[in-house]
Amino acid sequence: MSYTLRMHGVILGRSELEESDEDRGIASGAFRPGLGYELVQPIFELHREATTSAGEVVDPEKLARYEKAAATLGLEVVDASGEVVAAETILLRTTEGRKTPRLEVRIGDPAYWTARRSRTNR
């Protein structure tokens, strides 16, 4: 299923969220940036510079700047039927040297995971 990442109605890009870890409540996948991506790319670059690929903090000041900026973005993930996914956190994880970012969404809603399991069991 295709998911769209939006910021105040502006489409930032899409992902299939092809990978999932229900135990951790995380769905993720390759992110295909849209025209609006350049609006948020510098903010998520702060996250990359502030943390390691394992999520360890290496620059608390940059992480604080990222968190403050990210809180104002109004990001939402919308599924192919137009329903907003009840995301707790949304992160575009970039890796130095990788051209394509990954969309990582933490979802605590059990209904999402039930529906996802039913789609993959077809």
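1. Let's start with a pair of helices: α1 crosses α2 in a left-handed manner. Please keep in mind that this is a predicted model.

2. Two packed helices are described by the angle between their axes and by the distance between those axes. For α1 and α2, the angle is about 150° and the axes lie 8 Å apart. Angles over 145 degrees count as roughly antiparallel, so α1 and α2 are roughly antiparallel to each other.

3. Which residues make this contact between α1 and α2? From α1 come Ile-43, Phe-44, Leu-46, His-47, Glu-49 and Ala-50, and they meet Lys-62, Leu-63, Arg-65, Tyr-66, Ala-69 and Ala-70 of α2.

4. Now for the core. The largest nonpolar core holds 26 residues, and Leu-5, Val-40, Leu-92, Leu-103 and Tyr-112 have the most contacts inside it. Two or more residues each come from β1, β4 (26-33), α1 (41-50), α2 (60-70), β6 (87-93), β7 (102-107) and α3 (110-120). The element that gives the most is α1, with 4 residues.

5. Leaving out residues up to four places away in sequence, Leu-103 touches Leu-5, Ser-15, Leu-17, Ala-27, Ser-28, Gly-29, Phe-31, Ile-90, Leu-91 and Leu-92.

6. Have a look at Met-7 too, which sits in strand β1. Is Met-7 buried or exposed? Its relative accessibility is 12%, and buried means under 20%, so Met-7 counts as buried. Apart from neighbours within four places in sequence, Met-7 contacts Leu-12, Leu-39, Val-40, Leu-73, Gly-74 and Leu-75. The C-alpha atoms of Met-7 and Ala-86 are 15 Å apart, while 79 residues separate the two along the chain.

7. Next, some backbone angles. Most residues other than glycine have a negative phi. His-8 is not a glycine, yet its phi is positive, at about 50°. His-8 belongs to the loop between β1 (3-7) and β2 (10-15). With a relative accessibility of 62%, His-8 counts as exposed, because the cut-off for exposed is over 50%.

8. Leu-17 also has a positive phi, near 45°, and is not a glycine either. Where does Leu-17 lie? Leu-17 is in the loop between β2 and β3 (19-21). Whereas His-8 is exposed, Leu-17 is buried, with a relative accessible area of 1%.

Definitions and conventions: Residues numbered from 1 in each chain as written. Predicted model: local features only at pLDDT ≥ 70, side-chain atom pairs only at ≥ 80, totals over all residues. Heavy atoms only, no water. Buried < 20%, exposed > 50% of the residue type's maximum accessible area, 1.4 Å probe, protein only. Core = buried A, V, L, I, M, F, W, Y, C linked by side-chain atoms within 4.5 Å. Contact = heavy atoms within 4.5 Å. Axes fitted to C-alpha atoms, helices over the stretch in contact; angles between N-to-C directions. Parallel < 35°, antiparallel > 145°, perpendicular 65-115°, else oblique. Left-handed = near helix turned anticlockwise from the far one by under 90°.
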